[in-house]
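Trainee: I've got a model open and I'd like to learn how to read it. Could you walk me through it?

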Amino acid sequence: MIWSLIKITAFILTVTALTYGATLLYDVDGGATIAVAGIEFTLTTLEMVFVLVGLVALVWLGLRMLAFLLASYHFLNGDETAISRYFDRNRERKGYEALSEGMMALASGEGHLAMTKAARAEKYLHQPQLTNLLTAQAAEMTGDRRKAEETYKKLLADDRTRFVGVRGIMKQKLAEGDTELALKLAQKAFALKPKHAETQDVLLQLQADKADWKGARQTLGAKLKSGTLPRDVHQRRDAVLALSEARDILDEGNPIEAREAAIEANRLSPDLIPAAVMAARGYIAQGNARYASRVLVKTWTAQPHPDIATAFAEIVPDETAAARLKRFGTLTKAAPDHPETKMLMAELHIAAEDFPAARRDIADLVDTDPTARSLALMAAIERGAGAEDAVVRGWLTRALTAARGPQWICDKCQHIHPHWVPVCGNCAAFDTLSWKRPPPGEMAMPASTEMLPLIVGSPPLQDDSLADDAAK
């Protein structure tokens, strides 16, 4: 619309300028006298200008006629395509001009004008691999999805443009939410161009959404081979996919194969907490306590986490509190100053009914970095030490309003998950969950204080009064 207004305005200004110039030339004195075959012609200044313009036009026409005569001469001498090439050059010039104007209109956001220019370019060029793409993109810009899809389908007929057509339809199906068809199209596009980075990413995301872990691992391997993914990132994400595959295998009732997949996931990424826990439980099922302990200690060193302590307790499930406290020394000495280690030690001492030692374990945490869990542990310590109900209730009240400790949080959308998952349940991003603190302002829910029974021993709170206090 704006471009049309500019052209109309330019035309009016040009006509006005020419009229004004002609008026000025008409008033100019002087002229020229031309004698031809004894006949004299006297021309005014304005007439001289018209004659000059006419001569330029005659010269141009003469050159065009000369080119046509030359083409006719070649035709008469046996070149059967000489005349057709002469006219084709004119058509190509007009076609490429229309194509270039259409691309400019598309870049400037004028979808309807781009479609018009694309139709004109096709009329002169007869090259649908160029004009159909312009038409499809212009139709998308104007919101005509039906026209865009029809045009993309035309691109499927040509080997040179088949990938472009498949990719265009795939993006349309993604926008419509038809992930089933989009997945099939992504697989087709990947088969046509396995090194195309965007297609790899789309296919990997769709496979992860559909829990096609085996297919996703193949796509991930292709990204590594094509150089679009660093090796360390590939190894981490391959571990995530291997772990997800192991979980599905376990759900299908094949624990041996699931155990092997989990061990493979842990080998690929030893710091992946869910993989370490699942691998350790696989070793425990095999009766290999030594390997289970080694896996958990290594992961605890990289990132202490309650699930690791839970799995470590399962290695010897029936031991006494004192024996458990001693055995856990292998784990806790790996990161003695970490808050998770201090809270774990407090739980171990509570289970052993050594409440003064438990208090020493977390005394600095409740003062410098109080969380719902550490405050709930402090309430258990006070109850075990025989403190009054008001003191215990005070710690529980603080726990209800304290900030959460570390949680599984999506790095992309900051959504908090109760458990680790390979794909974010909020934004569907793959491998974005990290064990970290929530953003400031997040408060613990009442369920966050339900830390007991403790993961490492029998519950220290057996009476109903503390349970009532926790419920309040």
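**Reading the model, feature by feature**

Mentor: Let's start with burial: 39% of the 472 residues in the protein are buried. Buried means under 20% relative accessible area, exposed means over 50%, and partly exposed is in between, with a 1.4 Å probe and protein chains only. This is a predicted model, where local features need pLDDT of at least 70 and side-chain atom pairs count only at pLDDT 80 or more, while totals for chains, interfaces and linings use all residues. Residues are numbered from 1 along each chain as its sequence is written, and side-chain values use heavy atoms, with hydrogens and water left out.

Trainee: How many helices and strands does the protein have?

Mentor: Helices here are DSSP runs of H or I with at least four residues, strands are runs of E with at least two, and both are numbered from the N terminus. By that count the protein has 22 helices and 5 strands.

Trainee: And what does a buried residue look like, say alanine 239?

Mentor: Look at helix 11 (residues 231–251), where alanine 239 lies. Alanine 239 counts as buried because its relative accessible area is 0%. Then ask about contacts, meaning heavy atoms within 4.5 Å. Leaving out residues up to four places away in sequence, alanine 239 touches Ala265, Leu268, Ser269 and Leu272.

Trainee: Which residues does asparagine 132 touch?

Mentor: Asparagine 132 sits in helix 5 (residues 128–142), and it is buried at a relative accessible area of 13%. Its contacts are Thr151, Lys154 and Leu155, again not counting residues up to four places away in sequence. Across the protein, 51% of the contacts between residues at least 6 apart in sequence join residues at least 24 apart.

Trainee: How do I read salt bridges?

Mentor: A salt bridge is a side-chain nitrogen of Lys or Arg within 4 Å of a carboxyl oxygen of Asp or Glu. The whole structure has 24 of them. Take glutamate 101 and lysine 117, whose side chains meet at 2.7 Å, N to O. That pair links distant parts of the chain, with glutamate 101 in helix 3 and lysine 117 in helix 4, 16 residues apart. Glutamate 101 is partly exposed at 38%, whereas lysine 117 is buried at 18%.

Trainee: What does aspartate 238 form a salt bridge with?

Mentor: Its partner is arginine 217, with the closest N and O atoms 2.7 Å apart. Aspartate 238 is in helix 11 and arginine 217 in helix 10, so the bridge ties together parts 21 residues apart in sequence. Aspartate 238 is buried at 10%, and arginine 217 is partly exposed at 24%. Glutamate 319 and arginine 327 also form a bridge, at 2.6 Å between the closest N and O atoms, and both residues are buried. Salt bridges that share partners also join Glu149, Lys153, Lys173 and Glu176 into one network.

Trainee: What about the surface?

Mentor: Accessible areas come from the Shrake-Rupley method with a 1.4 Å probe, and for residues only the protein chains shown count as cover. The protein exposes about 26500 Å², and carbon and sulfur atoms supply 59% of it. Patches are made of residues with over 30% relative accessible area and no salt bridge; like charges are joined within 9 Å, and nonpolar side chains (Val, Leu, Ile, Met, Phe, Trp, Tyr) within 5 Å.

Trainee: Which residues make the nonpolar patch of about 520 Å²?

Mentor: Val51, Leu55, Leu58, Trp60 and Leu61 make it. Leucine 58 lies in helix 2 (residues 45–76) and is exposed at 57%.

Trainee: And which residues form the positive patch?

Mentor: That patch consists of Arg91, Lys94, Arg120 and Lys123. Helix 3 (82–107) and helix 4 (111–125) are the elements giving two or more residues to it. Arginine 91, in helix 3, is partly exposed at 31%.

Key: Lys and Arg count as positive and Asp and Glu as negative; His and the chain ends are not counted. The place of a charge is taken as NZ of Lys, CZ of Arg, CG of Asp or CD of Glu.
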